[in-house]
Amino acid sequence: MGTSTFSPSDRVVPMKVIVCGLQRTGTMSMRHALWQLGFHDCYHMHSLVDKPARDAPQWVRALEAKYAGKGSFDRQDWDRLLGDCQGVCDLPPALFGPELAECYPDAKVIILNRDPEAWYESVLKSIYAMIHPSSPLVGLRRLYCFLLDEQTRCMAQYVKALTTYALTYDHGKEKEKAIAWYKDSYQEFRDRIPEHRRFEYAVGDGWGPLCEYLEVPIPQVKDEATGELVEAPFPRLNDRSSFQAITTSMWAKGTTRANDNLLKLAGKASLLGVVGYAGYFGYKMLLGRRV
């Protein structure tokens, strides 16, 4: 799929686990479960949110290559983007599960399942609600961040590419199309990834089958009452209330960065005004001496 500059250091750790699980299928719980099992780190949407200026342009390129045939995105590009990760899950990497499975033939592949109707409702009440401003004031705040915060602009570019090339439907108004896209995505996973490499799983299945597939022991913790080692609770993270809290925090950070940038711009404007006035005053004095 083309060539690109490659540095051996781009792949810092081996890719070990590829989770083909779309958004709101338990991906945050899976990410934390993999961390507990020793797979550090698992690239997730939150990874992109943490460093959009670095990663968003690369994901835009990957989306354009897969869905629009624009350019290429090969193993070297994946190593550059995901070289410090031993696993991937959630969007955007889940969209490229078959490509990643092909690039990393030694990685184990997990198909992370959820009932389509439950998935639809979860996205509707979380991601869809977050993307669409709840009031004009919220919309203005986001516009303010977009104008003054580079990271917000990078995320907006990624979201535009995502909805242009991959999620080409209105989740809130086109339920049948949304569920059809969900089912088609999982069908692509199963059609393009050999059966012997696929492991069907849902977070409700717990540690047992997951640890058996990954060939690692079930994590244990000390029981405070007895002092004995018992099976650790499986992570249950990013429910709707947690998602709302994370979203609020994300926009608060964006607003803080925008405020800081506004102050810097105001400082630069003031400095330019002072310099301009000093230059004008000096010019007038020089002109007066000449006269």
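Mentor: Let's start with a pair: a salt bridge joins the side chains of Arg 61 and Asp 77, at 3.5 Å from N to O. Arg 61 belongs to helix H3 (residues 52–68) and Asp 77 to helix H4, so this bridge ties together parts 16 residues apart in sequence. Keep in mind that we're looking at a predicted model.

Trainee: What's the general idea behind a pair like that, side chains of opposite charge?

Mentor: Side chains with opposite charges can pair when their charged atoms come close. Asp 77 counts as buried because its relative accessibility is 2%. Arg 61 has a relative accessible area of 35%, so it is partly exposed.

Trainee: How many salt bridges does a search of the whole structure find?

Mentor: The search gives 16. One of them pairs Arg 80 with Asp 10, with 3.9 Å between the closest N and O atoms. This one links distant parts of the chain: Arg 80 is in helix H4 (residues 75–82), Asp 10 is in the segment before E1, and 70 residues separate them. With 4 Å as the cut-off for a salt bridge, that 3.9 Å is something to keep in mind when you read the pair.

Trainee: And Arg 80, with its relative accessible area: buried, exposed or partly exposed?

Mentor: Partly exposed, because its relative accessible area is 30%. Asp 10 counts as buried, since its relative accessibility is 18%; the limit for buried is under 20%.

Trainee: Which residues are linked with Arg 80 in a network of salt bridges?

Mentor: Asp 10, Arg 61 and Asp 77 join Arg 80 in that network.

Trainee: Where does Asp 41 lie?

Mentor: In the loop between helix H1 (27–36) and strand E2 (42–43). Asp 41 also meets Arg 31 in a salt bridge, at 3.0 Å from N to O. That pair, too, links distant parts of the chain: Arg 31 sits in helix H1, and Asp 41, ten residues away, in the loop between H1 and E2. Arg 31 counts as buried because its relative accessibility is 15%, and Asp 41 counts as partly exposed because its value is 23%.

Trainee: And where does Pro 92 lie?

Mentor: Pro 92 is in the loop between strand E3 (87–88) and helix H5 (97–103). Asp 90 counts as buried, since its relative accessibility is 5%. Glu 215 also has a positive phi, near 60 degrees, and its loop runs between helix H11 (207–214) and strand E6 (220–222). Glu 215 is exposed, because its relative accessible area is 65%.

Trainee: How do I read the nonpolar core? Which residues of the largest one touch the most other members?

Mentor: A core is a set of buried nonpolar residues joined through their side chains. The largest here has 48 residues, and Ile 18, Trp 59, Trp 78 and Tyr 158 touch the most other members. A second, separate core has 22 residues, including Leu 37, Cys 42, Ile 110 and Trp 207. Beyond its neighbours within four places in sequence, Ile 18 is in contact with residues including Val 88, Leu 100, Tyr 104 and Ile 110.

Trainee: What about nonpolar residues that end up on the surface?

Mentor: Leu 140, Leu 143, Phe 146 and Leu 147 form a nonpolar surface patch, with about 400 Å² of accessible area together. Leu 147 is in helix H8 (residues 136–148) and counts as exposed because its relative accessibility is 56%.

Trainee: And the overall picture?

Mentor: The protein has twelve helices and seven strands, and 41% of its 291 residues are buried. Among contacts between residues at least 6 apart in sequence, 77% join residues at least 24 apart.

Definitions and conventions. Residues are numbered from 1 along each chain as its sequence is written. This is a predicted model: local features need pLDDT of at least 70, side-chain atom pairs count only at pLDDT 80 or more; totals for chains, interfaces and linings use all residues. Side-chain values use heavy atoms; hydrogens and water are left out. A nonpolar core is a set of buried Ala, Val, Leu, Ile, Met, Phe, Trp, Tyr and Cys residues joined through side-chain atoms within 4.5 Å. Buried means under 20% relative accessible area, exposed over 50%, partly exposed in between (1.4 Å probe, protein chains only). Contact means heavy atoms within 4.5 Å. Helices (H or I, at least four residues) and strands (E, at least two) are DSSP runs, numbered from the N terminus. Patches are made of residues with over 30% relative accessible area and no salt bridge: like charges are joined within 9 Å, nonpolar side chains (Val, Leu, Ile, Met, Phe, Trp, Tyr) within 5 Å. Accessible areas come from the Shrake-Rupley method with a 1.4 Å probe; for residues, only the protein chains shown count as cover.
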